[in-house]
Structure formats: C-alpha cells, structure tokens
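Please look at the sequence and the structure below. The paragraphs that follow lead through the arrangement of the chain step by step.

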Amino acid sequence: MKSVKNGRDGRTRIIEGALRRFSQDGVSATTLASLREESGVSVGSFYHHFASKEHVFGVLYAEILTAYQAAFLAELVRHEEARDGIEAVVALHMRWAGEHPERARLLISERPPRKQEPGGAEVAEERRAFFRKVSDWWRPHMKNGLLQPVHATMCYVLWLGPAQEMCRLWFAGAHTPTEEEIKGLGEAAWQSLRQRPE
C-alpha cells in the first residue's frame, strides 16, 4: 500500500526512518515511538510490516551488509594481482563509507544480529557466502606464495581493521582522511597480508 503523502510504501518509510534514527542515536537509544515518528506511520502500519524495533534493525542490517559485500566482491574480482586486489578493496571500503555514511556507521558501530535474533540467520548465511567468494579469490594467491593462509576473522582484521578505525574517527568528526592516507591504509593492508620469504 503506497502512502498518498509521498508515494513510498510503509515498509520503505520505516526502513529509511530507522536508518536515520539508528545511525544518529544508536539502536539501543532509539525507541519504537521515535521510529514511528521518523517514518510517519501508524502503529498498525508499523506492526503490519515489523514485529519489533529489533526486527527492523535485523532487516536493515542484512540489507546494508548485502549491498556492502556486493560492492566489495565486485571490486575484488576486477583485480587479478594480489596486491592490486588488497589495496583496491581498502580504497573501496573508504569510498563506500563516504558515499553511504549512515549505512557504514551502522555496520561499524552496531553488533550484528545473532543467529536467533531477527535477521540473524540471513546475516549468517550472507557472511558464509561472502567468505566463500573471497576465499575463491584468495586461494590461488596463497598457493602462489603471495598471500598468507589466514583465518577469515584474522584476514578481515588485518585487511580492514585500520580502515575501520579511520572511519570511526571520520564519523566522529575527529579527522577526514586524505587520499594519501587512504593509499597508506591500502599499502599497510598489503604488508600485513602478504607472504614473506622465510
């Protein structure tokens, strides 16, 4: 059912309003009343689409993660060389955060929904599929002695940990990264993940 007021359906308005409230106030500080007020929907309309605030967050988080991972993989597979791929993904991460600050803030600052929570099963499945595809790109470079054989979690931390911290400073208004600094983050990721001759 479309809203006569603005042509968007209630679900879309709730998701868009939740993105604004969650990214500004955090999920825990956002109330159901403020979500309804932000999206301009009635109680009945809200419960027609979502069972709770946590349900909205789970759906929103899964949607954002899917979009981010699609952008990550699209950038990664464009690069055949190990170093090019590692550095390009760091640049993509920073660019994506700059283009989608509310979405990036949610991914960086909020705990993902757990498997038993709304959206949690979808997020877990998305992550599994994502890491399989990253591994498909990684494995030949590892066998060729270019990239380290690291566990997915450690790989993520070494690859994007410093970039995530830079984003936190950026979103807090403490520092805006320069192109040179972003390039430096990519080089640091490469140095952390490449295999070194013994």
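Predicted model: local features only at pLDDT ≥ 70, side-chain atom pairs only at ≥ 80, totals over all residues.

Consider next how the domains meet. On one side, 17 residues of domain 1 take part, and they are in contact with 13 residues of domain 2. The size of an interface is often expressed as the accessible area that is lost when the parts come together. Between domain 1 and domain 2, the buried area is about 1300 Å², and carbon and sulfur atoms give 72% of it. Three residues stand out on the side of domain 1: Leu-19, Ser-23 and Val-27 supply 41% of the area that domain 1 buries against domain 2, more than any other three residues.

Polar and charged groups also deserve attention. The count of residue pairs in polar contact between domain 1 and domain 2 is 4. Across this interface there is 1 salt bridge by the rule applied. Arg-11 forms a salt bridge with Glu-63, and their closest N and O atoms are 3.0 Å apart.

Which helices supply at least two residues each to the side of domain 1 that touches domain 2? They are α1 (10-25), α2 (32-39) and α3 (43-49). Of the elements on this side, α1 gives the most, with 8 residues. Sorted by class, the side of domain 1 that touches domain 2 comprises 10 nonpolar, 5 polar and 2 charged residues.

Terms used: Residues numbered from 1 in each chain as written. Heavy atoms only, no water. Contact = heavy atoms within 4.5 Å. Buried area = accessible area lost by both parts, 1.4 Å probe. Salt bridge = Lys/Arg side-chain N within 4 Å of Asp/Glu carboxyl O. Polar contact = N/O pair within 3.5 Å; in protein donor to acceptor, adjacent residues only side chain to side chain. Helix = DSSP H or I, 4+ residues; strand = E, 2+ residues; numbered from the N terminus. Nonpolar A, V, L, I, M, F, W, Y, C, P; charged D, E, K, R; others polar.
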